[in-house]
Amino acid sequence: MFDSLTSHLSATFSSLRARGKISHNDLDASCGQMRAALLESDVALEVVDSFVTEIAGKSMAALASMQSGRNQAQAIFEIVNSLLIEILGGSARRVRFAKNPPTVIMLAGLQGAGKTSLAGKLAKFYADQGNTPLLVACDLQRPNAVTQLQLLGASIGLPVFCPEAGNGVGDPVKVARDGIAFAKAKQHNMVIVDTAGRLGVDTQLMSQACEIRDAVRPDEILFVVDSMMGQDAVRTSQAFLDGVGFDGVVLTKLDGDTRGGAALSIASLTKRPIMFISTGEKLSDFDIFYPDRMASRILGMGDVATLAEQAKAALDGDTSKKLEAKFASGEDFTLEDFLDQLSAISKMGSMSKLLGMLPGNAAMKKQVGNFDDGEILRTKAIVQSMTPHERVNPKIINGSRRSRIALGSGRRVSEVNTLLERFIAAQKMMRQVRSGGMPAGMGTMAMPATAPIRPELAPKKKSKSGNPAKRALEESQ
Amino acid sequence: MGLFSKFIAKFTGASAFAPADWAELEAELLASDIGPRLTRDLLEAARRVKSENAQEAMVQALSSRLCLKSRLPIINQGGMSVVMLVGVNGTGKTTSVAKLAGRIKASGATVVIAAGDTFRAAAVEQLQTWGARIGVEVITGKGSGDPAALAFDAAQRARAMNADYLLIDTAGRLHNKRDLMQELEKVRRVVEKITPVSEVLLTIDATTGQNGMAQAKIFSASVDITGIILTKSDGSAKGGIALAIESELDIPIKWIGTGESTADLEPFAPESYIRGLLT
């Protein structure tokens with residue numbers, strides 16, 4: 001996401017940095033480029049113009065009080081960054097929990113924005129944190145929206161309140177009201193109300209949304225927006241704001257290659273914070289929106305904070321402690337450990353998604369974006385086709401074992417060979433690291449005392465040498 | 001130039017002001033989602049036309065960007081016509097399939113629907129409900145979840161039933177997911193073992209911004225789009241991205257979706273679309 005905007009903006013900044021002293025003309029030219037990039041990214045014209053005007057004004061003032069040199073470009077960069085963060089809503093805002101449960105969250109938006117999927121994701125997100133959400137199916141319009149919510153609920157093991165089958169029959173206001181009563185009776189501490197998609201210009205459906213709102217008295221109304229939306233985001237969000245009103249925004253389908261300018265427009269014009277983002281088809285592809293991280297991302301500074309959090313969550317305590325102990329005790333790193341690591345990596349999500357969070361230029365990331373996540377799966381299949389004994393003693397894997405493993409994993413013998421070669425090289429490197437020497441090519445990686453996880457990750461990366469993912473990781477360090 | 005020229009002028013003190021008309025036109029064009037590049041080209045073209053009325057000059061300039069290909073449905077003469085609907089998530093494929101089927105049935109031809117969205121929860125049921133409403137048979141999978149297998153099956157059955165049309169619904173997919181695009185290619189490839197695919201329609205949500213271009217490009221490269229259905233045109237969005245696509249990729253808009261009932265699908269009318277962009 002935001003990639004194209006990022007590459008345009010980074011081009012603008014690198015040309016600014018290349019200047020010794022930034023003249024008014026340079027600044028004008030940069031502002032022009034910025035304007036074009038923002039428009040190309042679907043940011044609404046009025047937002048673009050006020051954004052660029054403000055940047056120009058602030059930069060002008062900053063330049064007047066500064067000497068020439070790199071600092072000038074940096075100062076402008078910081079002005080853009082802080083303004084972006086400001087527009088995107090300042091700091092991350094969490095859902096306000098009701099003093100007297102249940103906390104009621106109501107979803108609203110256009111048709112096809114992704115409300116129903118989001119209801120499932122939101123429910124899972126809060127259930128994972130120990131809440132007991134109840135899903136209420138108030139989209140009685142779209143054929144089988146109710147069934148969809150039921151299936152989603154079943155897949156995450158959460159109850160769905162759906163007294164009406166939908167398909168155009170039933171009163172969504174009554175369902176909403178009964179849903180709240182049901183939640184109170186069953187002591188759910190949270191209720192998520194899915195509603196039918198409606199157009200901003202449809203006054204009849206908008207007043208129905210108001211009736212649902214008045215019936216459930218939500219603590220949060222979330223406006224769900226497709227991140228691929230264009231200039232109409234302005235009118236539509238205003239229509240929803242005036243119609244049913246909303247407290248926060250959720251951006252969906254951010255895993256596409258959209259430039260996501262609608263996010264900037266909506267946040268800037270409605271002054272409502274973007275609270276969540278949805279980034280994939282899986283129910284876990286969902287996260288809190290962090291304005292500062294998103295601003296860094298737009299400006300090509302990467303989103304290291306999110307990456308670190310995901311790594312921490314995925315590499316669960318046990319795995320990393322086990323490895324840490326192993327590393328300290330001088331035991332060899334085995335294929336068994338390698339398998340654990342691979343599983344942890346795939347738990348963190350797709351490689352291209354992870355790499356997208358790293359700082360670096362957008363062109364390189366684009367190349368990296370083609371990284372085949374199947375690679376991890378295939379590697380896992382090969383290791384899993386080995387016997388436990390083989391995994392601990394890879395040296396015993398002779399020709400006939402190799403062909404058995406290839407057959408078992410559905411890969412070619414040459415692939416098994418490559419994997420083993422790389423693994424043994426990595427093992428060797430591990431020993432070297434332990435004995436204090438820094439193997440060539442490891443760069444400036446942090447060492448055990450401060451970051452126990454990293455040395456273990458290192459050989460795994462090494463074992464993938466030659467693929468673009470590894471290059472990206474190395475270049476970023 | 002527009003608003004931008006105004007504030008730049010403050011710093012440089014030397015910029016010539018464009019008439020307010022042009023600035024307003026630029027704003028309108030941009031707001032319609034045709035994109036900054038097309039906006040710039042069109043403004044230049046319109047400036048060259050020395051017309052008193054900028055609005056009329058603009059209608060001319062916009063119309064000249066429309067694709068010249070036929071907007072009629074492509075049918076397979078003397079055999080079964082197969083239409084695939086493809087697009088990103090939430091653009092209205094399933095609803096459009098139902099509307100198209102309703103239209104075809106009303107014209108007296110026989111039509112069968114293949115419920116090829118085997119991914120999204122309850123998508124098959126959604127189509128079955130539609131099928132029951134309009135009285136069209138919906139072929140569903142045997143639980144394997146493989147859309148290509150289902151499409152193959154449906155093509156065989158539709159042919160055995162002597163249907164005039166087979167409409168294939170597919171799961172929504174973001175165009176940057178390579179594996180999902182390959183899955184789509186496979187659906188087409190497999191159906192063509194039975195019978196040629198006569199038409200592949202891409203649904204574009206009228207609220208879509210410049211990303212629509214990427215969608216059209218990639219879907220077209222993958223399954224060779226023959227036309228566009230511009231859905232949700234009944235809202236406040238003008239759907240200008242469709243013109244940008246016509247202009248750049250030479251793919252005609254064939255249908256306009258304007259509501260939630262089966263009757264809300266109309267053949268594309270270029271004239272009123274162009275005027276709509278400027279109102």
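The C-alpha centres of domain 1 and domain 2 of chain A lie 35 Å apart, in a chain that is divided into domain 1 (3-87), domain 2 (103-299) and domain 3 (308-476), the bounds coming from an automatic or database domain assignment. This is a predicted model, in which local features need pLDDT of at least 70 and side-chain atom pairs count only at pLDDT 80 or more, while totals for chains, interfaces and linings use all residues. Residues are numbered from 1 along each chain as its sequence is written, chains are lettered from A and ligands numbered from 1 in the order in which they are written, and side-chain values use heavy atoms, with hydrogens and water left out.

Between domain 1 and domain 2 of chain A, 21 residues of the former are in contact with 21 residues of the latter, contact meaning heavy atoms within 4.5 Å. The two domains bury about 1800 Å² between them, 64% of it on carbon and sulfur atoms; buried area is the accessible area (1.4 Å probe) that two parts lose on being put together, summed over both. On the domain 1 side, Asp42(A), Leu84(A) and Ile87(A) supply 29% of the area buried against domain 2 of chain A, more than any other three residues. Helices H1 (3-17), H2 (24-40), H3 (45-64) and H4 (70-87) of chain A each supply at least two residues of the domain 1 side, where helices (H or I, at least four residues) and strands (E, at least two) are DSSP runs numbered from the N terminus. H4(A) gives the most to that side, with 6 residues.

Chain A also has an open sheet of 8 strands, in the order E3-E2-E4-E1-E5-E6-E7-E8 and with mixed pairing, two strands being paired if DSSP finds at least two bridges between them. Its edge strands, each pairing on one side only, are E3 (160-161) and E8 (286-288) of chain A. Strand E1 (residues 103-109) and strand E5 (residues 220-226) of chain A pair in the parallel sense over 5 bridges, and Ala108(A) stands opposite Phe223(A) in E5(A).

Chain B is divided into domain 1 (2-63) and domain 2 (81-277). Here 12 residues of domain 1 are in contact with 16 residues of domain 2 of chain B, and the two domains bury about 1000 Å² between them, 56% of it on carbon and sulfur atoms. Ser32(B), Asp33(B) and Leu62(B) lose the most area in domain 1 of chain B to domain 2 of chain B, together 45% of what that side buries.

The contact between the chains takes 48 residues from chain B and 44 residues from chain A. The area buried between chain B and chain A is about 4000 Å², of which carbon and sulfur atoms give 57%. Across this interface the rule finds 3 salt bridges, and the side chains of Arg37(B) and Glu40(A) meet in a salt bridge (3.9 Å, N to O). Among the elements that give two or more residues to the side of chain B that touches chain A are helix H1 (2-12) and helix H3 (36-48) of chain B, and H1(B) gives the most to that side, with 6 residues.

Technical notes:
A salt bridge is a side-chain nitrogen of Lys or Arg within 4 Å of a carboxyl oxygen of Asp or Glu.
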